[in-house]
Amino acid sequence: MRIALLTESAFPSARSAEGGWCDRLTQGLPEHEFELFALGTGRRAVGDVPLPAELPPARLSALWHSAPAPAVLRGLGRRRALAAYRALLRSLVEPGEESGFGPALYALAAAGRGGGLPAVLRSGAALRAVEEAWQAPGAFGAAGTGAAGEPLVRDALVATDLLERCLRPLSAPWYPAPGRAPGRRADTGVPGTAVPRGGAGLHGGTGPGLAEVDLCHAVGGGPAVLPGLLAKHFYGIPLIITEHSLHLRERARGYRDAPYRWPVRALLLAFFRLLAREGYQQAGLITPGSGYDRRWQLHCGADPDTIRVVYEGTEQADRPAAGAEPEAPTLAWSGPLEPRAGLEDMLQAFALLRAEVPEALLRVHGEARSGAEPYAEHCRALAGTLFPADEDAVLFEGRPEGQRTVHEGGTVLVFSGVDGPAPRLLAEAMLSGRPLVATDVGAAREVVGPTGLLVPAGDPRALAAACAALLRDQERRVRLGSAGRLRAQELYAVEPAATAFRELYLELVSHCPGPASRPVASGATRQPFSRPAELWAGAG
């Protein structure tokens, strides 16, 4: 089959989390032909980024946000685009209008298939449409005073810009109108330029875009789903969505500290919520990375019959366990230095622990994200206050070169956040053979199971007691560490994940045959089962 991998990264490399997963998937399924369709945030030199290793003869088609629009919408096309945009805005802000999100989205994409849509979405008419939507009676984000009060002109400017960025995938030249192929220009960096596997530059030519694939696989939610939705709407191509960290949930967390006023945040969160619901409803299959994420997807409107939990495979499953424990009893903590990661709770718990295990050490691995620097300084000051006579009790190691360094330097690995780390990070810690202490949040209970100690979030005393229990009992550490490694190898090995997707691809295509009118590109290499039998029966 010809499979389109839809990603949000500009160029998912084998070293990145998203690109590494794509690399493992394509290596595990060599019988399929993959093509990457990437939504980027900026133009980058292709030769500087290694592509996933096993992608011949697939291409990387990148949509660069900075590329100029190839056309200008005028007359009837412009009026249709603005009408669809107003309908989309109504679905975001007016109670009872949410059902219009999907039709408005597809109408907007259809109006912009000839090009010129970004210019319309940045125009003064689009700005006025946002202002009018907020002024409608009962519109969300239009009530209250003060910091969360009525929308201001600056809010409309910010919202117009952010929505245009979110909707840029609608302008990709990957779904041309019938009888029209996506144009490409050599060495210009325009959207849709194809990058050959291993190539160092751009080339010209004409390609079929998403019209010629058998299946779209969106790697992540959010904007990455948009091309798959349009391919399904325009060509009837089935869609599968894989989420290892739910895009909607991460957006909601990110907007807590975003520099936008309430009307803008409410509008954008409504967009991502309805986009997630539309994606779940249109996808033939959904593969979350944990049962915890599955419950979120059900809450957002996914059909339970379409969901299959597939744990994210990691190459760490085939590597040996960490070596001997460090000489001094050491707790290894890793994560971003921000409030929700729970470092302050870890420091307070460690102060209680030192009363029982005075020779214990705490290694903190991580760095402050943008905007969280004051919290990081607060934690360093707190460590100095708690341990004034022993500066080496708490060691701030900075960002680690790799998680392997964290695991080998600890006797016990600790996760103390209130949100919970990604399941893959928990699994890789378990694969080290070291025992875990983690807060009972997110997917921790599902991943760790009975092979580690789980404590309530925000409870330093419980955290200290669990860490002390493991530091004082070597036999228990060995038993739990070995059990955790075996559990993670069973759940997170690469081969079972690849096998699962091999079966899911066949299941989805067998239930969603493409339309008989979908053309086959001239000169394309035919793959076994690349067109289901129903296609040819319908064509006859």
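Which residue lies over the face of Trp296? Arg249 does, at 5.2 Å from the ring centre. A charge counts as sitting over a ring if NZ of Lys or CZ of Arg is within 6 Å of the ring centre and within 35 degrees of the ring normal. Arg380 lies over the face of Phe396, at 5.3 Å from the ring centre.

This is a predicted model, in which local features need pLDDT of at least 70, side-chain atom pairs count only at pLDDT 80 or more, and totals for chains, interfaces and linings use all residues. Residues are numbered from 1 along each chain as its sequence is written, and side-chain values use heavy atoms, with hydrogens and water left out.

Now the ring pairs. Rings of Phe, Tyr and Trp (its six-membered ring) pair if their centres lie within 6.5 Å; planes under 30 degrees apart count as stacked, over 60 as edge-to-face and the rest as tilted. By this rule there are 9 aromatic pairs. One of them joins Trp21 and Phe501, edge-to-face, at 5.5 Å centre to centre and 80° between the planes. Trp21 is in helix H1 (residues 17–28) and Phe501 in helix H18 (residues 494–511), so this pair links distant parts of the chain, 480 residues apart. Helices (H or I, at least four residues) and strands (E, at least two) are DSSP runs, numbered from the N terminus. Both Trp21 and Phe501 are buried, meaning under 20% relative accessible area, where exposed is over 50% and partly exposed is in between (1.4 Å probe, protein chains only). Ring pairs also bring in Tyr505, giving a cluster of Trp21, Phe501 and Tyr505.

Next come Phe37 and Trp174. Their ring centres are 5.1 Å apart and their planes at 75°, so this pair is edge-to-face. Phe37 lies in strand S2 (residues 33–39), and Trp174 lies in the loop between helix H6 (153–166) and strand S4 (194–196), so the pair ties together parts 137 residues apart in sequence. Both Phe37 and Trp174 are buried.

What about the cysteines? A disulfide is a covalent bond between the sulfur atoms of two cysteines. The cut-off used here is a pair of cysteine sulfur atoms within 2.5 Å. The structure holds 0 disulfides. Cys216 counts as buried because its relative accessibility is 0%. Cys300 is buried too, with a relative accessible area of 13%.

Last, a helix pair. Helix H11 (residues 343–354) and helix H16 (residues 460–471) pack at an angle of about 55°, with their axes 8 Å apart.

Note on methods:
Axes fitted to C-alpha atoms, helices over the stretch in contact; angles between N-to-C directions.
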